[in-house]
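Here is a short note to keep beside you as you look around this structure for the first time. Take the points in order, and turn the view as you go.

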Amino acid sequence: MKRLALSRGTKCVLMAGLAAELLAGCSTINYYSQAAHGQLALLSDSRPVDDWLSDPATNPKLRTRLASARQIRQYAVEHLGLPDNQSYKNYTALTRPYVVWNVVATPELSLAPLQWCFPVAGCVNYRGYYGKDDAQDYASELRAQGHDVQVGGVSAYSTLGWFNDPLISTFINYPDAELARLIFHELAHQVVYVAGDSQFNESFASAVEEAGVEHWMERFGNAAMRENYARYTARKQQFLQLLLDCRRALERNYASSISDADKRAGKARLFRQLRDDYLVLKESWGGYAGYDRFFAEPLSNAHLASIATYNDFVPAFRALLARERSFGGFYQAVRRIADLDRGERHRRLKTLGGTMAGL
C-alpha cells in the first residue's frame with residue numbers, strides 16, 4: 001500500500017514545536033515522543049481519497065462512505081466558507097477504535113478541570129494519548145494524587161491547519177449527517193482559534209457544526225435522514241440537560257458551608273441520581289444505548305468538567321450568525337471578538353447569548 005510521504009518541512013514544524021516543551025525536563029519527553037510518533041504515523045499512513053475510490057480493492061461500503069465525505073468536504077468550502085485545503089481529503093485506516101484517548105482531571109471537590117499547556121494550542125483541559133494504556137497509566141498517577149479522572153476515547157481532532165488532518169476509520173462510518181457535523185466542527189477550528197480559551201473555541205465550532213448541518217440537510221437530506229438526525233439531536237439535548245442539571249447540583253454542593261465529609265456524601269448521592277435518571281431517559285428512548293460508554297468508568301467530577309466548554313457560548317454564536325446573515329461575515333465578526341482580551345471576549349459573548357435568549 002502506498003504511503004504518503006511527509007515533507008521535510010512538515011516534520012521540522014512538528015519537531016520545532018515540540019522541542020521547546022522538551023526543554024522543560026525529562027518528565028515531558030515520553031509524552032511528547034508518543035505525541036510526535038502518533039501524529040506522524042497518522043499522516044504517513046494516509047492515502048488520498050481519490051486513490052481509495054479508484055482502487056478496485058476498496059471495500060464497497062468504504063467507497064460509499066468516502067464518496068459521501070468528499071461531497072460533504074466540498075459543501076463545507078462552497079457553502080460554509082470553511083478552509084479549502086487538504087484536510088479531510090486523505091483517509092487513514094486504523095486498527096484501534098479511537099484516534100486518541102483524552103485524560104481529564106479535577107480536584108475531588110471541584111468541577112474546575114486541571115489544565116495542560118502546549119505549543120500552538122495553548123492551555124487546554126485535557127491531555128491526549130495515542131495509546132489507551134498510556135492514558136490509563138497517566139490517569140492512575142492523577143488518581144494517586146487524589147484527583148477525579150476520566151479517560152475518554154476521541155474519534156477525531158484538529159491540528160488547527162498545521163497538518164492535513166485525514167478522514168479516519170474511527171468516524172468514517174458515521175451516518176452522513178453526523179459525519180458532516182464532525183467535519184464542519186473540526187474545520188471550524190482552522191477558521192478561528194484562541195490559544196487557551198477552550199470555552200470560546202469549542203462553542204464556536206459547535207455553533208458552526210449545528211448551523212452547517214442545518215444548511216446541508218436542507219439540500220441533501222431526505223425525510224428519513226431528517227427524522228433520524230432530529231431524533232439524534234433531541235437525544236443529545238436531553239442527555240446534555242441531564243448532565244448540566246447534575247453539574248449545577250454538584251456546584252451548589254461544593255460551594256456550600258457543609259463539611260468535606262458531607263460534600264463527599266452529597267457528591268456520591270448526586271452521581272447515583274445521575275445514573276438512575278439516565279436509565280429512565282434511556283428507557284424513554286426505547287433502550288437506545290448510544291451514551292452508555294459515558295458510564296463505562298465510575299462517575300466523577302471529571303465526567304462533567306468539560307460540559308460547559310462545548311455549549312456555554314453556542315447561543316451567542318448563533319445570535320451572531322443570525323445578525324451577520326452569512327458565514328463569511330460571521331467569521332469576520334468572530335475574529336474581531338477573538339482579538340479582545342479574555343474578559344471582554346466572554347462579556348461580549350454573554351451579552352450576545354442574552355440577546356438570543358430574548359428572541
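1. A word on burial comes first. A residue is called buried under 20% relative accessible area, exposed over 50%, and partly exposed in between, with a 1.4 Å probe and protein chains only. Lys 282 is buried by this rule because its relative accessible area is 19%.

2. Please keep the origin of the model in mind. This is a predicted model, in which local features need pLDDT of at least 70 and side-chain atom pairs count only at pLDDT 80 or more, while totals for chains, interfaces and linings use all residues. Residues are numbered from 1 along each chain as its sequence is written, and side-chain values use heavy atoms, with hydrogens and water left out.

3. Back to Lys 282, which lies in helix H9 (residues 260–284). Helices (H or I, at least four residues) and strands (E, at least two) are DSSP runs, numbered from the N terminus. Which residues is Lys 282 in contact with, leaving aside its neighbours within four places in sequence? They are Gly 287, Tyr 288, Ala 289 and Asp 292, where contact means heavy atoms within 4.5 Å.

4. Now look at an open sheet of three strands, ordered S6-S3-S7, with antiparallel pairing. Two strands pair if DSSP finds at least two bridges between them. Strand S6 (127–129) and strand S7 (148–154) are at the edges with a single partner strand each, so one side of each has no neighbour in the sheet. On average, and with direction ignored, neighbouring strands here are turned by 25 degrees against each other.

5. Seven bridges join S3 to S7, and the two run antiparallel. Along this pair, Asn 102 stands opposite Gly 152, Ala 105 has Val 149 as its bridge partner, and Thr 106 has Asp 148. Towards S6, S3 has three bridges, again antiparallel, and Val 103 stands opposite Arg 127.

6. How many of the seven residues of S3 are buried? Seven of its seven are. On one side these are Val 100, Asn 102, Val 104 and Thr 106, and on the other Trp 101, Val 103 and Ala 105, which leaves both faces covered. S7 also has seven of its seven residues buried. One side of S7 holds Asp 148, Gln 150, Gly 152 and Val 154, the other Val 149, Val 151 and Gly 153, and both faces are covered.

7. Another open sheet has three strands in the order S1-S2-S8, with mixed pairing. Its edge strands, strand S1 (47–48) and strand S8 (167–168), each pair on one side only. Strand S2 (residues 90–92) pairs with S8 in the parallel sense over two bridges, and Thr 92 has Ile 168 in S8 as its bridge partner.

8. Two loop residues deserve a look at their backbone. Most residues other than glycine have a negative phi. Tyr 88, however, has a positive phi of about 65 degrees although it is not a glycine. Tyr 88 is in the loop between helix H4 (60–80) and S2, and counts as buried at 2% relative accessibility. Leu 160, in the loop between S7 and S8, likewise has a positive phi, near 65 degrees.

9. Next come the helices. The axes of helix H11 (residues 314–324) and helix H12 (residues 327–338) come within 8 Å and cross at roughly 130 degrees. Axes are lines fitted to C-alpha atoms, for helices over the stretch in contact, with angles from 0 to 180 degrees between N-to-C directions. H11 and H12 are therefore oblique to each other: angles under 35 degrees count as roughly parallel, over 145 as roughly antiparallel, 65 to 115 as roughly perpendicular and the rest as oblique. The contact involves residues of H11 including Phe 317 and Leu 320, and residues of H12 including Phe 330 and Ala 333.

10. Finally, compare helix H6 (residues 176–188) and helix H8 (residues 223–255), whose axes come within 9 Å and cross at roughly 60 degrees. That angle makes H6 oblique to H8. Asp 176, Ala 177, Glu 178 and Arg 181 of H6 meet Met 225, Tyr 229, Tyr 232 and Lys 236 of H8.
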